[in-house]
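Student: I'd like to learn how to read sheets and charged pairs in a model. Can you walk me through one?

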Amino acid sequence: MPESLLSRAYVDGIYIPVGLLVFGTAIVKMEWLPYAVVLGIILGVVKYFRMAPKKVLKPDAFQEFALTEKTIISHNVAIYRFALPTATSILGLPIGQHISIGAVLPQPDGTSKEIVRSYTPISGDHQPGYIDLLIKSYPTGNISRHMASLGVGQTIRVKGPKGAFVYTPNMVRHFGMVAGGTGITPMLQVVRAIIRGRAAGDRTEVDLIFANVTEQDILLREDLDQLAAEDKGFRVHYVLDKPPAGWTGGVGYVTSEMVTKCLPKAADDVKILLCGPPPMVSGLKKTTEALGFKKARPVSKLEDQVFAF
């Protein structure tokens, strides 16, 4: 998606052709110049709207997108890239929301049943033409196992957006985030949006605790470390249940002490975001309440101080 009216796409696609039309007319017949200018403006406006990205998500209807690329991360984790209808298409997914993926899958009793699960893309609307999904396949997972079995050219069914959380710049002074495993995806979506918005005045601070079992389980670590190195307003704190020798990060489950040390203190302009295994999220809701944050609701609302995806 062109980011500026002075971008190369607009220069090559609109300004140069319109300029040539006007300039050529002036050379051939000067009295036709006013008509050429009007025609050039009309053609330029038409081309501008044709170049504008088209949002494709529908909240009440599934659409099929074809797999174009699969990047293996580990034995059970991969990034799946699906093509959108055109090179300028975008999902139209607000930052903080997710999509539903559905598939009709065979059941143990011989019948078939439509299974639907929610996922947060690791790509965004600033990247037109495709969506990237980071998915960990589990032996008992319906959709995750189905995704792992897909070959290039096969399709998935997608609808959305879904979710109660929508990020807006400077909605809070400081985010404290705790993610476990693939729960990193909505956090990464918000962090990237904040950092992209720095030039426009987004001053939001972010501290992220990312909990995993082993060091090999840390998904997208290079991306997170690079973002932290590039942006002084974002810090990531790793916690491992089974750390290797010499590990200097956190060890064990995410504790009250870790939250106190790494995340912002309770305040009206602070929000805690949680995403991960249900036992972890449930425990952290109690932990944050004990640390002075407002009690988290069973189903989170946007205005909640402690929000669980």
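Predicted model: local features only at pLDDT ≥ 70, side-chain atom pairs only at ≥ 80, totals over all residues.

Student: Which residue in β8 stands opposite Phe 65?

Tutor: That's Ile 156. As for the general idea, strands of a sheet pair through backbone hydrogen bonds, either parallel or antiparallel. Here you get an open sheet of 6 strands with antiparallel pairing, in the order β6-β5-β8-β2-β3-β7. β6 (112-119) and β7 (130-136) are the edge strands, each pairing on one side only. From one strand to the next, the twist averages 40 degrees.

Student: What does helix α3 touch in the sheet?

Tutor: Helix α3 (residues 142-149) packs on the sheet and touches β2, β3, β5, β6, β7 and β8, with its direction at about 80 degrees to that of β5.

Student: Now the charges. How many salt bridges are there?

Tutor: The structure holds 11. In general, side chains of opposite charge can pair when their charged atoms come close. Take Arg 192 and Asp 223, whose side chains meet at 3.0 Å, N to O. Arg 192 sits in helix α4 and Asp 223 in helix α5, so this pair ties together parts 31 residues apart in sequence.

Student: And Asp 231, which pairs with Arg 198: is Asp 231 buried or exposed?

Tutor: Asp 231 is buried, at 8% relative accessible area. Arg 198 counts as partly exposed because its relative accessibility is 23%. Their closest N and O atoms are 2.9 Å apart.

Note on methods: Residues numbered from 1 in each chain as written. Heavy atoms only, no water. Pairing = 2+ DSSP bridges. Helix = DSSP H or I, 4+ residues; strand = E, 2+ residues; numbered from the N terminus. Axes fitted to C-alpha atoms, helices over the stretch in contact; angles between N-to-C directions. Contact = heavy atoms within 4.5 Å. Salt bridge = Lys/Arg side-chain N within 4 Å of Asp/Glu carboxyl O. Buried < 20%, exposed > 50% of the residue type's maximum accessible area, 1.4 Å probe, protein only.
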